[in-house]
Amino acid sequence: MKDCLSDRSLWSVLEGEGTERERAHLADCQRCTSRGQRLTHDLSFLGRVLSDAPPLPVSVPHAGWTPVRWAAVAAVIVMGLMFGWMRGKPALDRPAPVLADMPVMETLAGEVFADSGFGSALASSDATDLDALAGVSDETAPCEWLPGGCDDDTTLF
Amino acid sequence: MAARNSYDELDVAQRPRVERLCRLLLEDPAEAQDVAQEVLMKLFQAQQTRPETTTWNRWVTRVTVNACRDRRRSAWWRRFRSDDSVLREDDLISPAAGPEDAAIAGEVRRRVWAAFRGLSRRQQEVFALRHVEDLSTTDVAETLGMSEGSAKRHLFRAVHRLRLALRGAS
């Protein structure tokens with residue numbers, strides 16, 4: 001039966017199409033007639049199954065899964081917000097913290113630099129770091145730092 | 001279908017068909033009922049504004065298919081939000097069947113439905129309209145806005161895969 005219709009041709013003929021030769025073959029060939037009947041029966045059965053008895057999905061709440069799902073979403077949102085906040089404030093643009101605004105640091109600086117004179121300079125005012133350094137080291141500053149410069153030529157070499 | 005004055009009349013006449021099509025094209029039966037309700041409301045409004053129209057069956061089919069497509073497009077969010085669901089095989093078995101028949105029928109139906117759900121959306125639509133709604137291939141193509149050749153290709157592939165499922169092949 002090498003001349004039997006292919007599945008596609010058989011289906012086409014049953015759909016009312018196909019060539020004259022294919023229709024003639026279907027009428028003559030016992031095997032193709034039988035295949036055609038089976039195809040028609042299958043299509044009818046498939047149509048009935050799909051129209052009569054659709055399966056009903058049952059809602060099965062997964063008590064453990066739903067909160068985890070939402071917790072994951074919340075975590076992602078929080079991380080996104082934090083990331084956005086941190087990126088929105090670049091480190092270089094941030095104002096330097098003033099010691100006077102940080103009592104703990106102020107106390108700590110006073111303790112650590114008590115002997116050197118830095119502590120009192122830092123703790124006594126809200127001056128900047130450079131001002132504090134200049135205040136402490138005025139008397140011992142090299143002549144190159146002073147406004148008049150070095151008068152003595154020998155200091156150059 | 002003649003224009004109807006009463007929504008109740010329309011509901012009785014059209015709901016089974018619209019719901020059946022929605023159930024085929026949407027996996028969630030509650031969602032299918034929801035969309036069917038939307039379609040019936042649209043049909044009622046359309047009939048009030050265009051009572052002279054006589055080709056409502058085709059209109060209903062097209063509007064139903066489009067409503068189901070819209071619903072599927074926005075389904076990812078609801079799928080995430082909703083609880084998971086599983087098929088209950090008891091629902092596939094006719095209550096009149098004996099235990100053995102019921103088991104076999106249930107198994108076959110489960111395979112057919114699983115295979116149908118495994119088809120592409122286009123294949124599902126084409127098969128549903130052709131072999132459940134009994135439209136001609138030409139009408140199927142026109143309703144879905146595709147060429148007749150394309151509709152036939154989708155239909156043949158759908159038929160092939162569903163028959164394999166029917167025979168128990170994977």
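**Helix 1 of chain A against helix 8 of chain B.** I started with this pair in the predicted model. The axes of helix 1 (residues 7–14) of chain A and helix 8 (residues 148–166) of chain B come within 11 Å, and I get a crossing angle of roughly 115°. The two helices are therefore roughly perpendicular to each other. I noted the crossing as right-handed. For the contacts, I listed A:D7, A:R8 and A:W11 on the chain A side, meeting B:K152, B:R153, B:L155, B:F156 and B:V159 on the chain B side.

**The largest nonpolar core.** Next I looked up which residues touch the most other members of this 60-residue core. They are A:L50, B:F116, B:F127 and B:L162. Helix 8 of chain B supplies the largest share of the core, eight residues.

**Helix 1 against helix 6, both in chain B.** Last pair for today. Helix 1 (residues 7–25) and helix 6 (residues 121–132) of chain B pack with axes 10 Å apart, at about 150°. That angle makes helix 1 of chain B roughly antiparallel to helix 6 of chain B. This crossing is right-handed. From helix 1 of chain B I have B:R20, B:L21, B:L24 and B:L25; they meet B:R121, B:Q124, B:E125, B:A128, B:L129 and B:V132 of helix 6. The class tally for this contact is six nonpolar, one polar and three charged residues.

Conventions:
Residues are numbered from 1 along each chain as its sequence is written. Chains are lettered from A and ligands numbered from 1 in the order in which they are written. This is a predicted model: local features need pLDDT of at least 70, side-chain atom pairs count only at pLDDT 80 or more; totals for chains, interfaces and linings use all residues. Side-chain values use heavy atoms; hydrogens and water are left out. Axes are lines fitted to C-alpha atoms, for helices over the stretch in contact, and angles run from 0 to 180 degrees between N-to-C directions. Helices (H or I, at least four residues) and strands (E, at least two) are DSSP runs, numbered from the N terminus. Angles under 35 degrees count as roughly parallel, over 145 as roughly antiparallel, 65 to 115 as roughly perpendicular and the rest as oblique. A crossing is left-handed if the near helix is turned anticlockwise from the far one by less than a right angle, and right-handed if clockwise. Contact means heavy atoms within 4.5 Å. A nonpolar core is a set of buried Ala, Val, Leu, Ile, Met, Phe, Trp, Tyr and Cys residues joined through side-chain atoms within 4.5 Å. Buried means under 20% relative accessible area, exposed over 50%, partly exposed in between (1.4 Å probe, protein chains only). Ala, Val, Leu, Ile, Met, Phe, Trp, Tyr, Cys and Pro count as nonpolar, Asp, Glu, Lys and Arg as charged, and the others, Gly among them, as polar.
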